[in-house]
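Here's a quick briefing on the structure below. Have it open in your viewer as you go through the points.

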Amino acid sequence: EDIEKWSVEIVDKNDRYIRGGKGFGTLPMQLVWRGENDEGGRNDDGVYNLKLSVWDAAGNAGLFQKAIMLDTMPPKVRINAEASDTEDVVFNIEHEKEDVIDKWEFIVTGENSEIIKNFGGRGDVDKRIVVSLPLGERALGGRKLIYTFKAIDKAGNIFETSNQTNIFAEKKEEKFAKKNEKFINKWGEGDF
């Protein structure tokens, strides 16, 4: 049906007016609200109600209402890296249960900036990611790794972090005394 005019308004949970707009003719393809009010201020995150009214040329009205969630806070993510006995690196990733993550990406690079591993997915982040170091990275003295993590929640809020970490402490070389020809061994042949 042809729409002669339309109006949209957003109200809070107490039915107080927050933001609105009007137009004539066809509705826009998209109506985007980023939490601002008519005065240019920002509203708190929470549940709001959208009311969309349309009228045709004959004056017949239609009303569409929907609860919408305003969420402007990015996910809160904590990453802890630790070495394992097998020269793997374990990344423990935690985030608040309220943060509904839509998609995520986790990239681990070595000191030479080459990508060691690239993980990603949709939905919840794996809580434990194990990265096996390639032989070239295991041989490095300092074994610095750089990880980059990016998560986008259902509302489109983005969390990004990047960190460099020394995962493995340098292995200390055992020191032995130099061979002394005059040193007399007090151990017998079969003793240990």
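**Around Asn 157**

Asn 157 touches Asp 71, Thr 72, Met 73, Pro 74, Pro 75, Ala 151 and Ile 152, leaving out residues up to four places away in sequence. Keep in mind that this is a predicted model. You'll find Asn 157 in the loop between strand 10 (144–153) and strand 11.

- With a relative accessible area of 13%, Asn 157 falls under the 20% cut-off, so it counts as buried.

**The chain overall**

- The protein chain has 1 helix and 11 strands.
- Reading from the N terminus, the elements go β-β-β-β-β-β-β-β-β-α-β-β.
- Out of 192 residues in the protein chain, 30% count as buried.
- The accessible surface of the protein chain is about 14200 Å², and 49% of that belongs to carbon and sulfur atoms.
- If you take contacts between residues at least 6 apart in sequence, 48% join residues at least 24 apart.

- Strand 7 (residues 101–109) and strand 8 run antiparallel and are joined by 7 bridges.
- Phe 106 stands opposite Phe 119 in strand 8.

**Nonpolar cores**

- In soluble globular proteins, nonpolar side chains tend to be buried together.
- Here, the largest nonpolar core has 20 residues, and those with the most contacts inside it are Ile 79, Phe 91, Trp 104, Phe 106, Val 108, Ile 129 and Phe 149.
- Two or more residues of this core come from each of strand 5 (77–83), strand 6 (88–95), strand 7, strand 8, strand 9 (128–132) and strand 10.
- Setting aside neighbours within four places in sequence, Ile 129 is in contact with Val 89, Val 90, Phe 91, Ile 93, Trp 104, Phe 106 and Phe 119.
- There's also a second, separate core of 9 residues, which includes Ile 10, Ile 18, Tyr 48 and Leu 50.

Technical notes:
Residues numbered from 1 in each chain as written. Predicted model: local features only at pLDDT ≥ 70, side-chain atom pairs only at ≥ 80, totals over all residues. Heavy atoms only, no water. Helix = DSSP H or I, 4+ residues; strand = E, 2+ residues; numbered from the N terminus. Buried < 20%, exposed > 50% of the residue type's maximum accessible area, 1.4 Å probe, protein only. Contact = heavy atoms within 4.5 Å. Areas by Shrake-Rupley, 256 points an atom, 1.4 Å probe, with all protein chains shown as cover. Pairing = 2+ DSSP bridges. Core = buried A, V, L, I, M, F, W, Y, C linked by side-chain atoms within 4.5 Å.
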